[in-house]
Amino acid sequence: MKTDIVIVGSGVAGLYCALNLPKEKNIIIVTKNIARKSDSYLAQGGICVLRDEEDYDSFYEDTMKAGHYENNPDSVHIMIHSSQEVIADLISYGVRFEKDGEEFLYTREGAHSHQRILFHEDETGKEITSHLLETARKRKNITIIENYTMVDLICNENECHGIIGHDESGTYSAIKADYTVLATGGIGGIFEHSTNYKHLTGDAIALALKYGIKLQHIDYIQIHPTTLYTEKEGSREFLISESVRGEGAILLNAKGERFVNELLPRDIVANAILAQMKKEGSKHVWLSMAPIPTEEIKTHFPNIYQRCLEEGYDATKQPIPVVPSQHYFMGGIDVDRYSKTSMERLYAAGETACNGVHGRNRLASNSLLESLVFAKRAAHHISDGYTALKNDAHVAIDASKYQNYKEEYKAAVLAAIEKERLSHE
């Protein structure tokens, strides 16, 4: 199979990249599961935006402070100043953000000094991703192949010529392309407890390790402070959005006492919860929504409210049990300001990439924005310098090489993360 551009992943980064590429280019998007099962769909809280120039310094400082000032200042600047353009694009695709009359409503989350987050109920990710997917499906030049797993890159020295993968029946094939974009999402599937879909196992990171593609900060893994505690095993943890605490919810210990400032950065709040659990020998702490009006809980957080009910908790009347879980990957494949990797003709965007925006710890609701901004930059950089591949040689596939790839890739990623972590000690 031959195409102009192949994109691996159907979250906001992959879809938005495709929509910003020229309509005369043939684009194939492959996705490991069905297209809507990306972590982008799961984002609850919202998406940050620069409301006006007066908020720039504050937005910049909030992002840098949350990232422990290990962020790339240039990337942070690009993200913030591109935000209004991205929001305008999303609205043009039909995305509906909450309004009060004609004015947008903004919410605030932990570590934000001002209200600058647009949202749609508590399903902002679903609202954005579903409209991007619907738009992509209508484009004649975009083909979406579901249930297709990338297992390898087609490389000629330090140049990427596409991917090798298999369909759900296990049949292997090659997709040759002039340019390849990796937008494979996070790495939660390699951890026991995570808010991520289980099929997101860091495949792009494993292939970067295999081919010596430069990585950055792969031990920078964010733990979300509040996921709904359950005794059920085998499923991803249900995230209780940061914006719940942004609207006033408080954390309580076993005695019903507040023990931390809930609006501190995520890593600080998560560590405080883990310390409290260790101190009292408990499996979770409690999150009380009592400070939030009942009607607001049901309208602003309808899906969280319903999920808690399904677990036996009425969040309007009682605290809910919460526990920290692996949530987001700040590190990843090292990319420049145009999302280009260290390998020629290979780009990466979204959670699998690291452009330095997040530093050591991600500021709430910057993930969707960062993914969209740098996916669009990838698309424009590919378009501006487009050249077709001259090498059209047949790709021979030896399926026996990939018999144990799942275990091998998981082991390689975990080992690399641990090695990086130890290097900082």
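## Salt bridges

The side chains of D178 and K2 form a salt bridge, with an N to O distance of 3.2 Å. Because D178 belongs to strand β10 and K2 to strand β1 (residues 2–8), this pair ties together parts that are 176 residues apart in sequence. D178 counts as buried, at 3% relative accessibility, while K2 counts as partly exposed, at 43%. The model described here is a predicted one.

A salt bridge also joins the side chains of E70 and R360, at 3.0 Å from N to O. E70 is placed in the loop between α2 (56–66) and α3 (73–92), and R360 in the loop between β18 (353–354) and α10 (367–384), so the pair ties together parts that are 290 residues apart in sequence. Both partners have intermediate accessibility: E70 is partly exposed, with a relative accessible area of 32%, and R360 is partly exposed at 35%.

K340 and E344 provide a further salt bridge between side chains, at 3.3 Å from N to O. Here K340 is buried, with a relative accessible area of 17%, whereas E344 is partly exposed, with 39%. The table lists these pairs.

| Salt bridge | N to O distance |
|---|---|
| D178 and K2 | 3.2 Å |
| E70 and R360 | 3.0 Å |
| K340 and E344 | 3.3 Å |

The count for the model comes to 18 salt bridges. Some charged residues join in a network: D55, D62 and R116 are linked by salt bridges.

## Aromatic rings

A pair of aromatic rings is described by the distance of the centres and the angle of the planes. In this model the count comes to 6 aromatic pairs. The rings of F97 and F104 have centres 6.4 Å apart and planes at 75°, so this pair is edge-to-face. F97 counts as buried, at 7% relative accessibility, and F104 as partly exposed, at 26%. F104 also has a charged neighbour, for the charged end of K99 sits over its ring, 5.0 Å from the centre.

Elsewhere, ring pairs link Y179, Y347 and Y386 into a cluster. Over the ring of Y386 sits the charged end of K25, 3.7 Å from the ring centre.

An open sheet is formed by 3 strands in the order β11-β16-β18, with mixed pairing. β11 and β18 stand at the edges and have a single partner strand each, so one side of each is left without a neighbour in the sheet. The pairing of β16 with β18 is parallel and extends over 2 bridges.

Helix α5 covers residues 203–211, and within it D203, A204, I205, A206, L207 and A208 are buried. These buried residues pack against several elements: the strands β8 (149–156), β10 (172–182), β11 (215–216), β15 (320–329) and β16 (332–334), together with helix α11 (405–423). Strand β10, one of these contacts, is also the strand that holds D178. After α5 comes G212, whose phi is positive, near 70°.

How values were computed:
Residues are numbered from 1 along each chain as its sequence is written. This is a predicted model: local features need pLDDT of at least 70, side-chain atom pairs count only at pLDDT 80 or more; totals for chains, interfaces and linings use all residues. Side-chain values use heavy atoms; hydrogens and water are left out. Buried means under 20% relative accessible area, exposed over 50%, partly exposed in between (1.4 Å probe, protein chains only). Helices (H or I, at least four residues) and strands (E, at least two) are DSSP runs, numbered from the N terminus. Contact means heavy atoms within 4.5 Å. A salt bridge is a side-chain nitrogen of Lys or Arg within 4 Å of a carboxyl oxygen of Asp or Glu. Rings of Phe, Tyr and Trp (its six-membered ring) pair if their centres lie within 6.5 Å; planes under 30 degrees apart count as stacked, over 60 as edge-to-face and the rest as tilted. A charge sits over a ring if NZ of Lys or CZ of Arg is within 6 Å of the ring centre and within 35 degrees of the ring normal. Two strands pair if DSSP finds at least two bridges between them.
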